[in-house]
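This report is written for a reader who is meeting the structure for the first time. It begins with the place of the ligand and then turns to the chain as a whole.

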Amino acid sequence: MSSGHLIDLNDCTVNEWEALIKLASDIRLNPHDYIHRCEGKIMATLFYEPSTRTQMSFQAAMLRLGGQIIGFDNPVNSSVSKGETLKDTIRIVSGYSDIIVMRHPQEGSAKAASLFSLCPIVNAGDGGHLHPTQTITDLVTLSSVKGRLTDLQIGLCGDLKYGRTVHSLIKAMSNFKGNSFYLISTPELSIPLYIKEVLDASGCTYCKVNSLDECIGELDVLYMTRIQRERFATPEEYEKQRGVYILDIEKLKKAREDLSILHPLPRLDEIEIAIDDDSRAVYFRQAAYGMYARMALILKMLEEDFTDSKDEKLLIMQNICSNPRCIIHSEKYLKSFYKFNESNHPICLYCDEKL
Ligand code: CP
């Protein structure tokens, strides 16, 4: 990881992803070989937003590696409730721990945290922006169930606007040759502009479709997602989108026998419960693989010499980011910085919003 942190999966090279996938597989097959590997190390989990899988799989991962854990799963029980800034919290906790795993509702919060941390930061989800460790989980899962990460017809269905797992997965899978994407959503919940630009720059084929029926028969992988109620501006806007995409037994009749159905979970009603018993349903195995993926990640990140990895040159911009969900609007001391994206456009350093 070039920066020493994991903010975006593209912080790692494709070779590093492949090494993580291989290591996760070895840990899964030989867990006893790894039970002392993190003895003496402490991981802090700072969850400003609810989580079951990400938080507990990280905690289980560190405990299974012989390390220990500290942290909070509700900022109300920490000094965040007294008004402590993200900067101060990170500065303090990074003095107590060897690695910090953070989930936060604002987009770009993980990048902001990395600017003040004395130890590596792992982005465990920053608002509707990115969720790279879910993507490592997804890559480990696809590698195991499909035996390859190339030449796959991938359907992504549901909330493609706010679904950060979808954004990270597209960014990752567009690096592998021969993959094509069916983007199945309503116009209101289609992918953000910066993800469209990632796809355009990658040269992968992709198309937008309105219904699952149109493409389910073509797919190798169907990645279902929850409509992210908590990210909508009003309850009325959410109600208009709720229940639009439901995978049921009837729809599955049109799918191929070798389809793999993934979902980052939690699920509401977008996958009928009867499908859980179908051999094509991979989502519970996917959640289980998440722990091995995170064990591999913790090991790799703690092996790196963190102090040698901070040499980022920051570019100051005059205007403030126009994304209302960007961390810069809630942590007022943050400076406006920009970087260049794959198409050489200037974008917000924190949340990737185009300037
Ligand atoms: N997939 C995922 O991020 O689940 P949690 O919100 O339960 O962590």
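## Where the ligand sits

In this predicted model, the ligand takes up the space of the second largest pocket. A pocket here is an open set of points, on a 1 Å grid over the protein atoms alone, where a 1.4 Å probe fits, with protein on both sides within 12 Å along at least five of seven lines; a molecule sits in one if more than half of its atoms lie within 2 Å of its grid points.

## Residues and contacts

Polar contacts are pairs of N or O atoms within 3.5 Å. An oxygen atom of the ligand lies 2.9 Å from a side-chain N or O atom of Arg53, and for Arg103 a ligand oxygen is likewise 2.9 Å from an N or O atom of the side chain. A nitrogen atom of the ligand is 3.0 Å from an N or O atom in the side chain of Gln134. Of the 250 Å² that the ligand exposes when taken alone, the protein buries 92%, by the Shrake-Rupley method with a 1.4 Å probe.

## The chain as a whole

The chain holds 10 helices and 12 strands, which are DSSP runs of H or I with at least four residues and of E with at least two. Along the principal axes, its C-alpha atoms fill a box of roughly 55 × 50 × 40 Å. The radius of gyration, taken over C-alpha atoms, is 20 Å, which agrees with the value near 20 Å for a compact globule of 355 residues, the rule being 2.2 Å times the number of residues to the power 0.38.

## Basis of the values

Residues are numbered from 1 along each chain as its sequence is written, and side-chain values use heavy atoms, leaving out hydrogens and water. Because the model is predicted, local features need pLDDT of at least 70 and side-chain atom pairs count only at pLDDT 80 or more, while totals for chains, interfaces and linings use all residues.

Notes. Polar contact = N/O pair within 3.5 Å; in protein donor to acceptor, adjacent residues only side chain to side chain. 1 Å grid on protein atoms, 1.4 Å probe; cavity = no way out; pocket = protein on both sides within 12 Å on 5 of 7 lines; lining within 4 Å.
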